[in-house]
Amino acid sequence: MEPIDLPIPAFGPDGVLVPVGKLAVHRQGLRHPAVSVFVLRGQEILIQQRAAGKYHTPGLWANTCCTHPNWGESSADCAERRLGQELGISGLALRHVGQVEYRADVPGVREPLIEHEVVEVFVGEAGWPLDLELDPDEVQAVRWVSLDVLRTEIAAKPEAFTPWLRIYLEKHAAMIFGNSEIAGSV
């Protein structure tokens with residue numbers, strides 16, 4: 001698991017990226033770059049349940065993976081790196097589908113925190129079968145789910161899902177799923 005005091009890029013008042021500890025970024029709600037990946041397989045999306053030891057949103061369901069890029073790391077390289085680190089996925093062709101900015105309160109273990117992310121969103125089409133090797137410090141479970149079922153589950157129990165996943169599905173589903181087999185549901 002990445003240390004919560006690890007410096008990540010955050011936008012300073014002048015819009016220039018500066019290093020700030022990850023926990024401080026989330027305590028102050030600083031605007032910062034991020035990456036989100038959605039892995040699709042036919043009509044289904046691979047979602048992950050965040051590990052119980054995470055300092056914010058532990059145990060909540062999220063998209064396939066999401067993270068912050070390291071200094072000097074491209075968004076595409078970051079997406080590939082985290083797919084490998086969190087889920088053991090390598091060699092999957094990822095396609096950049098756009099950028100999303102959101103600000104949301106997130107439940108923290110000790111205190112409420114704020115995500116204010118400028119997210120580069122990537123989509124990958126998985127083959128059959130997809131071998132996974134979960135990092136238990138990051139991910140406690142995964143499952144494949146259709147977009148319709150996911151929306152039904154979120155409507156019934158929104159608190160079981162990360163705020164960013166709810167935002168992606170509510171406001172950006174056409175961008176994320178528009179060119180996939182799932183598009184018929186959007």
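Helices (H or I, at least four residues) and strands (E, at least two) are DSSP runs, numbered from the N terminus. The model is predicted, and local features need pLDDT of at least 70, side-chain atom pairs count only at pLDDT 80 or more, and totals for chains, interfaces and linings use all residues. Residues are numbered from 1 along each chain as its sequence is written, and side-chain values use heavy atoms, with hydrogens and water left out.

Helix α3 spans residues 147–156, and Leu 147, Leu 150 and Ile 154 are buried in it. Buried means under 20% relative accessible area, exposed over 50%, and partly exposed in between (1.4 Å probe, protein chains only). These three residues lie on the same side of α3 because they cover an arc of only 60° around the axis, the arc being that of the directions from the helix axis to the C-beta atoms. An α-helix has 3.6 residues a turn, so residues three or four places apart point the same way. On the face turned away from the buried side of α3 are the exposed residues Thr 152, Ala 155 and Ala 156.

Three aromatic pairs are present in the structure. Rings of Phe, Tyr and Trp (its six-membered ring) pair if their centres lie within 6.5 Å; planes under 30 degrees apart count as stacked, over 60 as edge-to-face and the rest as tilted. The Phe 38 and Phe 177 rings, with centres 5.7 Å apart and planes at 80°, are therefore edge-to-face. This pair links distant parts of the chain, Phe 38 in strand β3 (residues 31–41) and Phe 177 in helix α5, 139 residues apart. Phe 38 is buried, at 0% relative accessible area, and Phe 177 is buried at 0%. The rings of Tyr 102 and Tyr 168 have centres 6.2 Å apart and planes at 85°, so this pair is edge-to-face. Tyr 102 belongs to strand β7 (residues 94–106) and Tyr 168 to helix α4, 66 residues apart. Phe 38, Tyr 102, Tyr 168 and Phe 177 form one aromatic cluster.

The structure also holds two cavities of 30 Å³ or more. On a 1 Å grid over the protein atoms alone, a cavity is a set of points where a 1.4 Å probe fits but cannot get out, and lining residues have an atom within 4 Å of a point. The lining of the largest cavity has 19 residues, of which Arg 50, Lys 54, Cys 66, Thr 67 and His 68 lie nearest its centre.

Notes. On a 1 Å grid over the protein atoms alone, a cavity is a set of points where a 1.4 Å probe fits but cannot get out, and a pocket is an open set with protein on both sides within 12 Å along at least five of seven lines; lining residues have an atom within 4 Å of a point. Grid points are joined across faces, edges and corners, and a volume is the space filled by probe spheres set on the points.
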